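Q: I'm new to this one. Can you walk me through the structure?

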Amino acid sequence: MYSLEGVWPLPQIFTSSIERYPLNPQAFYFGYGRQSAAQFGCSVLDAAFIRYYSLIFPDYTGNGVLRFLEDKPFHIEINVDHDDCESYPHEDSSEKYNLSVSAGKASLNAETVWGAVRGLETFSQLVYQDDFGSYFVNQTEIDDFPRFPFRGILLDTSRHFIPVHAILKTLDAMAYSKFNVFHWHIVDDPSFPYQSQTFPDLSRKGAFHPMTHIYTQSDVRRVISHARLRGIRVLPEFDSPGHTKSWGKGQSDLLTPCYSGSTPSGAFGPVNPALPSTYQFMATLLKEVSSVFPDSYIHLGGDEVNFSCWKSNPDVRAFMQKMGFGVDFTKLEAFYMENIVNITTFLNKTAIVWQDVFDYHELIPKDTVLHIWKGSPANYRKELSRMTKAGMRVLLAAPWYINHISYGQDWRNYYTVQPLNFSGTAEQKKLVIGGEVCMWGEYVDATNLTPRLWPRASAAAERLWSDEKQTSSVDKAFPRLQDFRCKLVRRGIRAEPLYVGHCKHEYQGV
Amino acid sequence: MTSPLQLALLLLALGFSRGLQHHYPDQADQVDGEAELELVAEPSKFGSLWPLPQKVKLSAVSLKLTGVSFQIADAKGSSAGSGCSLLQDAYRRYYEYVFGGAKRQQQPGKGRRAAGPAVLTELQVWITSPDPECDGYPGVASDESYELTVDQPYAVLKAPKVWGALHGLETFSQLVYEDEYGVKSINSTTISDFPRFAHRGILLDSARHFLPIKVILANLETMAMNKLNVFHWHITDDQSFPYLSRTFPQLSQQGAYHPYTHVYTPADVKMVVEFGRLRGIRVIPEFDTPGHTQSWGKGQTDLLTPCYSGSKPSGSFGPVNPILNTTYDFMSQFFKEISTVFPDAYVHLGGDEVDFSCWKSNPDIQTFMDQQGFGKDFSKLESFYIQKLLNIVATTQKGYMIWQEVFDNGVQLKPDTLIHVWKGNKEQYQSEMANVTSAGFQTLLSTPWYLNRISYGQDWQGHYRADPQDFKGTEEQKKLVIGGEACLWGEYVDATNLTPRLWPRASAVAERLWSAADVTDINDAFNRLSVHRCRMVARGIPAQPLFSSYCPREYKGV
């Protein structure tokens with residue numbers, strides 16, 4: 001029934017005993033310690049108390065008869081060092097916490113409110129019910145912190161539109177697995193659902209539908225605020241110069257006209273890097289994006305640029321000559337990306353780009369973060385070595401392309417990834433800031449997103465949070481993850497089963 | 001006004017992109033077998049009809065429908081009247097599907113809409129045979145044909161039996177579209193339709209994971225949208241025994257995952273059977289023996305074979321013990337109950353994957369084998385068991401279906417036995433179909449339709465291409481193929497992911513089993529199926545997407 005290992009992802013340092021304390025929903029109190037920098041009125045923690053109360057007591061309806069009056073009250077006291085209640089979580093935010101559960105009392109200490117939110121999640125997973133439905137928590141001591149500061153999930157809202165409520169639900173589930181970055185691949189070739197203030201035509205003409213399949217500014221704010229309360233950063237991606245077909249519908253002259261012989265074919269290729277207007281547009285758009293999204297990172301894409309259209313276009317070829325690029329189109333691409341990265345630098349943002357940008361152009365600003373998505377383990381290990389050797393910070397996604405499905409327990413593959421198993425110095429290893437689970441949208445929309453994502457993404461969550469030695473056994477992880485997925489189902493997350501079996505409370509939808 | 005070509009455009013407005021498939025890493029699994037086709041997204045001339053009817057004549061003449069004036073009613077000459085609740089329920093269901101719920105009634109005194117665009121005010125449903133079978137159960141020989149004529153002033157749906165009328169109502173609802181002003185419209189159309197195969201099934205496995213009744217009902221509802229007509233309920237297996245038996249309540253008491261929350265009560269079963277009947281769907285239960293019965297042993301002592309380790313019982317149990325008379329007494333009583341609880345004329349008796357090692361280890365079984373003269377051939381023992389079981393079930397007046405192994409092992413079978421083919425690769429299942437039919441047995445195919453096996457990409461195309469009559473055999477042999485079933489085994493499936501995993505992939509199978517054999521244009525199928533899946537989504541079913549695109553009404557759940 002009870003096991004501390006029921007906490008997912010596994011905490012770094014923990015001890016517990018068989019001594020257990022009853023919890024009475026009607027005598028359970030959250031409070032702030034006297035020394036705490038945050039006090040009542042702290043938006044993040046006040047909201048977390050309300051959320052976690054129902055997560056800790058899933059059966060409690062509030063209209064039962066007062067039972068267990070003889071039970072002693074239980075207080076959970078929060079102490080944080082910084083009053084960062086109104087801020088956003090960021091790349092350097094501390095998420096560590098200390099949780100100590102004793103008779104009638106739990107103390108949760110953290111440097112930041114984000115650490116406290118992680119600790120509340122852990123506490124909620126420590127509470128269990130006996131056969132009679134009574135709640136208990138065991139005597140416990142936990143010191144916990146993440147192995148990597150960047151633990152992300154990518155959702156693709158361009159190939160299929162994902163309604164806001166489905167995004168919010170994903171953020172809820174992310175918090176349960178202690179993910180802390182929502183990478184919002186918001187636009188791509190098929191559609192442009194982001195409603196821009198400066199360029200409303202982009203979604204008016206580029207979305208699947210200009211009214212029903214868009215994210216308005218208030219939608220975006222809602223996502224950011226929902227994420228903030230859970231200690232999750234929202235990292236927007238505006239991928240260019242490729243993957244921009246939908247942009248061209250609402251912004252004329254942005255994309256390169258492709259030629260067939262000496263006449264335009266009517267088709268369009270990547271963003272046109274030869275026109276100054278392109279850079280003016282991108283600067284204006286990215287300025288808007290950087291003020292709408294508070295995170296200090298912006299993802300600029302830069303992957304999979306197809307050169308055939310550029311090659312066909314005489315103006316682009318003339319530009320190549322002028323710039324002295326010869327016939328090397330990677331130079332043109334590098335030129336474009338350099339300009340875009342400079343725009344974000346000017347906006348005080350850190351750029352993330354897909355690995356392609358490094359692969360063809362190693363000289364990019366040192367503070368750019370590189371995102372690895374390609375290749376077999378051998379390949380991405382080589383890439384990790386190369387990039388960190390060049391002193392670049394790196395984010396690993398290649399082993400966690402979770403949109404690729406197969407029959408059986410593929411979560412085991414996501415679990416056994418060793419992100420730091422590449423040849424390099426200790427300094428190099430420090431440059432790996434974390435990893436990301438990617439759910440590309442070709443075959444995914446609101447109908448199947450949740451069961452496809454959970455609990456498979458949770459396997460990666462433990463790899464990115466927990467100590468690798470303590471979590472090296474996939475067989476030990478199996479029963480824990482099974483329990484955790486039932487916990488997710490209990491919390492209303494449509495998390496699919498790992499294998500045969502049952503949950504005490506099955507999913508009640510269809 | 002609106003041609004069928006435009007109508008599909010309006011309905012769908014597909015946003016397909018044939019651009020690069022973002023981020024497809026080199027190590028991604030390759031789809032084996034035939035490569036997926038590059039599909040061109042464009043409206044089908046058949047709109048969103050799925051499965052495609054046998055004969056369709058669409059015209060460009062468009063009629064309007066309004067929820068205020070339109071009604072579905074019995075035709076004057078129909079043999080089914082207002083007492084036929086099966087049809088009355090169906091009228092309401094399809095009215096709601098077409099108009100999205102009740103519409104305000106007309107003000108009294110105001111007449112029908114004055115002259116203007118042509119309006120369709122009524123669908124008349126005309127059951128033509130003397131016995132409409134309103135209160136009956138659908139069966140393998142049920143007449144499912146219908147004829148639908150949409151024209152002014154009435155649309156007429158003619159069917160010999162209610163079963164055809166149900167399919168015709170679904171077809172009618174698929175013909176309705178919205179014009180650019182959101183007005184419901186339908187084009188003047190003539191359809192004559194009937195299924196290619198009589199047995200078009202879905203297998204759900206409620207033993208490996210318990211499936212709440214709600215999920216089962218939602219999938220019956222979706223089956224009706226796809227003209228599927230058999231729910232094969234693989235209700236028990238090694239892992240759990242959720243069927244609450246009145247005669248042997250301890251089976252689920254001990255063998256279910258939980259004796260109260262993870263069981264199907266008699267009332268639940270009744271509800272499923274009736275819900276299916278109202279949609280023309282048969283419910284065929286499978287009680288798989290002698291293997292796949294671990295969970296049975298928990299509530300029924302001495303039913304399973306005790307396995308031995310050396311000269312001592314090891315404590316574990318194997319298949320049903322075929323040498324005890326008590327086994328057959330139990331089976332007699334049990335199947336007697338089953339035959340009354342499930343009205344269908346068929347029961348599925350399983351018979352697959354029997355592991356002989358436990359039987360081999362047991363000294364009593366060895367003695368019995370010697371007595372019977374079976375030598376070391378345990379398939380003879382299996383046959384012995386199955387034979388006795390078949391005789392028992394035959395006394396309950398039921399026909400039976402069995403998995404192919406029973407046939408492969410040479411068990412003597414009644415001529416009306418249905419052999420269910422599930423094993424092997426394409427070549428193997430085709431030769432199995434040939435063997436079974438040349439022995440004169442009726443058969444149905446599942447091998448290419450194991451939908452629990454998932455892979456990245458558009459695997460529905462492979463499901464769509466498979467054809468149950470594609471094997472070497474005479475015309476007579478081909479006629480013995482009564483259909484097929486899409487199987488969704490439950491190892492990795494429960495209420496959380498069942499529905500999107502099943503739909504619209506099972507829809508591909510549905511068209512193969514309903515439509516004419518020459519309906520094989522995968523591009524046209526893609527275009528109709530894309531709209532059909534959006535229709536399922538609009539009806540509240542989380543059917544997953546085929547590829548990058550959107551639905552006018554996205555799924556509202558999470």
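Q: Where in chain A does E304(A) lie?
A: This is a predicted model. In it, E304(A) sits in the loop between β13 (297-301) and α8 (308-312) of chain A.

Q: Which UniProt annotation covers E304(A)?
A: The unreviewed UniProt entry annotates E304(A) as "active site".

Q: Buried or exposed, that E304(A)?
A: E304(A) has a relative accessible area of 19%. Buried means under 20% here, so E304(A) counts as buried.

Q: And which side chain does the side chain of E304(A) join in a polar contact?
A: That of H243(A), with a polar contact of 2.8 Å between the two side chains.

Q: Switching to the two chains. How many residues are in contact between chain B and chain A?
A: On chain B there are 58 residues in contact with 61 residues of chain A.

Q: What area do they bury between them?
A: Chain B and chain A bury about 5,200 Å², and 58% of that is on carbon and sulfur atoms.

Q: How many salt bridges across the interface?
A: The rule finds 3 salt bridges between chain B and chain A. One of them pairs D494(B) with R485(A), whose closest N and O atoms are 2.8 Å apart.

Q: Which elements of chain B give two or more residues to the side touching chain A?
A: Those are α4 (213-225), α16 (498-502) and α18 (522-538) of chain B.

Q: How do the residues on that side divide?
A: The side of chain B that touches chain A has 25 nonpolar, 21 polar and 12 charged residues.

Terms used
Residues numbered from 1 in each chain as written. Chains lettered and ligands numbered in written order. Predicted model: local features only at pLDDT ≥ 70, side-chain atom pairs only at ≥ 80, totals over all residues. Heavy atoms only, no water. Contact = heavy atoms within 4.5 Å. Buried area = accessible area lost by both parts, 1.4 Å probe. Salt bridge = Lys/Arg side-chain N within 4 Å of Asp/Glu carboxyl O. Helix = DSSP H or I, 4+ residues; strand = E, 2+ residues; numbered from the N terminus. Nonpolar A, V, L, I, M, F, W, Y, C, P; charged D, E, K, R; others polar. UniProt positions renumbered as here; feature names shortened; annotations may be inferred. Buried < 20%, exposed > 50% of the residue type's maximum accessible area, 1.4 Å probe, protein only. Polar contact = N/O pair within 3.5 Å; in protein donor to acceptor, adjacent residues only side chain to side chain.
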